[in-house]
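Q: I'd like a close look at a single part of this model, please. Could you walk me through one chain?

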Amino acid sequence: MTTITTTRTGAAMLDDFLVRAALAGVGLAIAAGPLGAFVVWRRMAYFGDATAHAAILGVALALIFSVPVTVGTLFVALAMAAAVSWLANRGHAMDATLGVLAHSALALGLVAISFVPGVRVDLSAFLFGDILAVSKSDLAVIWGGSLTVAALLAWRWARLLTATLSRELAAASGIDADREGLVLTLALAVVVAVALKVVGALLIAAMLIIPAAAARGFARSPETMAFGAVAIGTVSALGGLWVSWQFDTPAGPSIVTAAAAVFIVGTAVGRLTRR
Amino acid sequence: MSLISAQDVSVSYGGATVLEHVSLEVEPGEIVTLVGPNGSGKSTLVKVLLGVQKPDRGRVTRARRLRIGYVPQKLHIDASLPMPVARFLSLPARKPAGRLAEVLERTGVPGLEHRQMADLSGGQFQRVLLARALLSDPQLLVLDEPTQGLDQPGEAAFYDLLETVRRETGAGVFMVSHDLHVVMSASDRVICLNHHICCQGTPTVVRDAPEYHALFGRGTHGALALYQHEHDHDHDHDHAHGGGHA
């Protein structure tokens with residue numbers, strides 16, 4: 001799977017699977033940080049779950065129609081995100097509706113995968129990620145997607161923040177809250193497609209919510225919270241990989257566990273220092 | 001040329017008619033106050049004017065590139081969103097620190113820049129909302145129950161400031177209010193709404209209109225009737241009043 005190289009030039013470093021894994025984790029954190037902040041602020045946690053779980057259905061469709069998995073995931077995540085926003089705008093009771101959508105998308109995806117002829121699919125790779133098997137082309141997709149999302153959010157930042165505060169305040173400033181919601185929907189679908197390889201469908205939402213929630217403990221402005229979430233996501237990715245390497249634990253869950261540890265320590269420290 | 005006008009606007013939610021054939025306009029430099037009982041469609045009308053709610057019938061016309069300063073009735077900022085006052089004032093467009101200090105001084109809450117919005121009292125919060133509205137150099141101020149949470153002197157200062165802003169900038173003001181002082185002294189024109197426009201005109205004309213008395217109860221004096229109305233519905237404003245007196 002990997003070749004151990006002795007020359008440590010830039011290109012050769014990418015031949016090391018651990019380096020590629022670390023870069024994949026950091027790449028994801030760059031997009032998941034600021035997007036996760038919006039997911040937390042707008043209480044979209046379940047929305048993220050529904051979209052992420054739909055990724056499994058995307059995998060099944062991609063295998064059936066022989067298109068790249070990223071394309072299938074992106075397509076289905078986009079469809080799911082659009083469906084959820086549409087329902088939300090029609091005023092459905094979101095909690096139950098999202099629960100139904102999230103879990104049925106996952107179940108339907110798993111059923112659909114069992115129908116894929118020929119190949120035996122390694123399901124756990126899609127459910128929990130396979131970051132140690134990230135290839136150079138995977139890295140290109142992850143960084144390309146992440147940087148696109150980060151650039152999109154940076155470009156729309158002030159509009160997104162205003163729309164998050166209130167639709168009316170946004171409208172008075174000439175900002176269409178629906179359009180900004182669509183920007184977030186799009187960003188979410190891209191992040192889900194990109195994150196599938198890194199932490200898997202079951203834990204994508206965790207990588208959005210936990211670093212941002214951990215950053216809330218010390219953040220005094222929206223911007224510090226978003227950057228803090230990137231930093232915490234990066235530390236969690238590297239720490240989780242180290243743990244996985246040292247103790248032979250599954251990489252994706254180890255990364256999320258590391259993020260959860262940062263959250264707990266950060267919250268505790270925040271509570272104590274605020275006294 | 002009006003700053004903003006609504007022509008024959010009708011809105012209904014799930015069969016219930018909220019606004020029926022409402023037409024109005026606000027001219028530059030004019031203070032127009034909208035009064036009406038709870039559930040009379042005041043907030044919906046504001047949403048229609050801001051462009052958040054699409055009318056089922058009729059249309060809203062705005063002056064080209066109209067700058068609107070909006071003060072909402074209430075604004076809930078999620079506890080997960082850290083928001084210092086200076087950042088809030090700079091949304092969506094960044095403003096120099098000098099201007100922020102100046103407008104906070106003007107609205108009676110100097111030096112709050114680095115406080116968190118969540119830590120402000122009801123009165124401070126309301127003034128910061130007004131400060132943000134003023135920062136956009138508005139041609140039209142849209143104020144939804146803007147003195148909620150302010151005490152009596154704060155309220156008086158608020159209307160003084162409104163008058164000054166109108167005089168200095170020529171901005172038009174569209175205000176939703178329960179407050180009779182405003183209706184009587186600060187407005188040029190009062191519109192009385194109960195799904196449709198019942199009556200409108202100068203404060204004195206509206207005060208004497210039978211439609212107005214029918215809507216707010218037949219007291220010995222219009223002023224008294226409106227006050228009683230407000231107090232009858234005090235439970236709806238508990239949080240705002242509580243915040244103001246805290």
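To start, what is the relative accessibility of H21(B)?

A: H21(B) has 44% relative accessibility and so counts as partly exposed (between buried, under 20%, and exposed, over 50%; 1.4 Å probe, protein chains only). This is a predicted model, where local features need pLDDT of at least 70, side-chain atom pairs need 80 or more, and totals for chains, interfaces and linings use all residues. Side-chain values use heavy atoms without hydrogens or water, residues count from 1 along each chain as its sequence is written, and chains are lettered from A and ligands numbered from 1 in written order.

H21(B) sits in strand β2 (residues 16-26) of chain B (strands are DSSP E runs of at least two residues, helices H or I runs of at least four, numbered from the N terminus). The phi of H21(B) is near 45 degrees, positive although the residue is not glycine. D8(B), in strand β1 (residues 4-13), also has a positive phi, near 50 degrees, and at 33% relative accessibility D8(B) is partly exposed.

Further along, L91(B) and P92(B) are joined by a cis peptide bond, with omega about 0 degrees. P92(B) belongs to the loop between α2 (85-89) and α3 (97-106) of chain B.

Now for the partner chain: 24 residues of chain B contact 23 of chain A (heavy atoms within 4.5 Å). Three salt bridges are counted between the chains (Lys or Arg side-chain nitrogen within 4 Å of an Asp or Glu carboxyl oxygen). One of them pairs R87(B) with E223(A) at 2.7 Å, N to O. On chain B's side, α1 (42-50), β5 (68-71) and α2 each supply at least two of the residues touching chain A.
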